[in-house]
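Let's work through a few exercises together. Keep the sequence and the 3D view open as you go.

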Amino acid sequence: MIRTKSFDNTDPILYLIATPIGNLSEISERALEVLRNVDFVAAEDTRNARSLLFHYGIKKDCISVREHNEVQASLSIISLLREGKKIAYMSDAGYPGISDPGYILVNKAIESGIKVSTISGSSAFLNALVSSGLPTNHFYFFGFVSPKEKEAIDQLTNLKEMKDTLIFYESPHRLFKTLRIMEKVFGNREIVIARELTKINEEYIRGKIKEIFDLEQEGLKGEMVVLVSGSLEEKVIDDETLKHRVGLLNKKGLSTKDAIEITSEEFSVNKNYIYDLVHKK
Ligand code: SAM
């Protein structure tokens with residue numbers, strides 16, 4: 001077990017800064033304060049980072065940490081942190097690590113005993129979800145589906161039975177192709193397209209997938225989040241599936257009692273019902 005306290009100032013710490021997803025006013029005071037105080041800003045795109053910093057009157061040396069050099073660059077950053085340098089990392093927009101580089105850096109930092117702390121800001125999928133009108137109590141963020149049709153079908157098929165609101169990132173030039181695959185896999189579900197969030201052209205388009213096809217001629221430009229309502233179909237779990245699961249857990253060494261308990265939780269089926277099934281001659 002490893003416990004780290006972010007506000008105990010003695011150890012090196014890597015800050016992750018959430019940056020604006022469009023509207024430059026959407027950055028916190030605290031993010032700016034951290035950016036002013038660090039020695040280096042590590043960034044997905046150092047040119048973007050410099051222009052963002054310039055906008056807030058901050059001048060810093062920037063280090064590039066992007067997808068293709070993330071492992072090597074992460075190790076250099078960890079060395080600098082160990083030497084006592086203060087470093088903040090930002091991706092191009094929103095939260096690092098959310099469909100952006102950042103995970104490897106964070107992972108390597110934690111492995112190396114460096115503390116990590118995130119400075120809050122906007123994330124496109126959270127803004128989109130909260131205003132979508134689709135259920136927010138349970139949601140599943142997927143990010144970008146594969147540009148390859150077969151892979152995209154497989155990915156979406158795996159999500160088909162989920163009852164949670166599904167959230168995707170998509171680029172404008174692939175939108176209608178992806179929507180056609182979604183319609184094929186999910187059926188004609190309710191969806192919301194949240195476009196150009198926090199920018200002057202911010203727009204929400206709510207309707208059934210097939211209705212959105214009417215906009216293909218007009219075309220939809222800009223950055224967008226696609227939210228799809230979760231499955232409304234009740235999943236039918238047959239007795240054989242339940243017995244099979246208990247048997248499988250038994251084989252893995254669990255007692256029948258524990259296997260029944262786990263199966264009951266996994267499938268949300270009453271324990272006594274599974275007990276009777278398993279002990280029925
Ligand atoms: N790290 C970012 C975050 O936390 O949201 C996401 C980066 S990902 C490379 C870029 C994708 O996020 C875009 O293709 C789009 O799907 C979504 N996105 C980013 N900014 C957006 C905006 N202002 N409005 C709608 N979607 C946006």
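## Exercise 1: The ligand and its polar contacts

In this predicted model, a nitrogen atom of the ligand is 2.9 Å from an N or O atom in the side chain of Asp-100.

**Task.** Find which residues place a polar backbone atom 2.9 Å or 2.8 Å from a ligand nitrogen.

**Solution.** 
- Step 1: Look at Ile-21, where a polar backbone atom is 2.9 Å from a nitrogen atom of the ligand.
- Step 2: Move to Ile-98, where the distance from a ligand nitrogen to a polar backbone atom is 2.8 Å.
- Step 3: Now consider the ligand's surface: alone, the ligand exposes 580 Å², and the protein buries 91% of that.

## Exercise 2: The shell around the ligand

**Solution.** 
- Step 1: Start with the shell, in which 19 residues surround the ligand; Ala-93, Ile-98, Tyr-169, Leu-197 and Met-224 are the closest.
- Step 2: Sort the shell by class, which gives 11 nonpolar, 3 polar and 5 charged residues.

## Exercise 3: A cavity

**Task.** Find which helix gives the most to the lining of the largest cavity.

**Solution.** 
- Step 1: Search the whole structure, and 1 cavity of 30 Å³ or more turns up.
- Step 2: List residues that line the largest cavity, among them Val-145, Pro-147, Arg-174 and Lys-177.
- Step 3: Helix α7 (residues 175–186) gives the most to this lining, with 3 residues.

Methods. Residues are numbered from 1 along each chain as its sequence is written. This is a predicted model: local features need pLDDT of at least 70, side-chain atom pairs count only at pLDDT 80 or more; totals for chains, interfaces and linings use all residues. Side-chain values use heavy atoms; hydrogens and water are left out. A residue is near a molecule or strand if one of its heavy atoms lies within 4 Å of it. A polar contact is a pair of N or O atoms within 3.5 Å; within protein, one must be able to donate a hydrogen and the other to accept it, and residues adjacent in sequence count only if both atoms are side-chain atoms. Accessible areas come from the Shrake-Rupley method with a 1.4 Å probe; for residues, only the protein chains shown count as cover. Ala, Val, Leu, Ile, Met, Phe, Trp, Tyr, Cys and Pro count as nonpolar, Asp, Glu, Lys and Arg as charged, and the others, Gly among them, as polar. On a 1 Å grid over the protein atoms alone, a cavity is a set of points where a 1.4 Å probe fits but cannot get out, and a pocket is an open set with protein on both sides within 12 Å along at least five of seven lines; lining residues have an atom within 4 Å of a point. Grid points are joined across faces, edges and corners, and a volume is the space filled by probe spheres set on the points. Helices (H or I, at least four residues) and strands (E, at least two) are DSSP runs, numbered from the N terminus.
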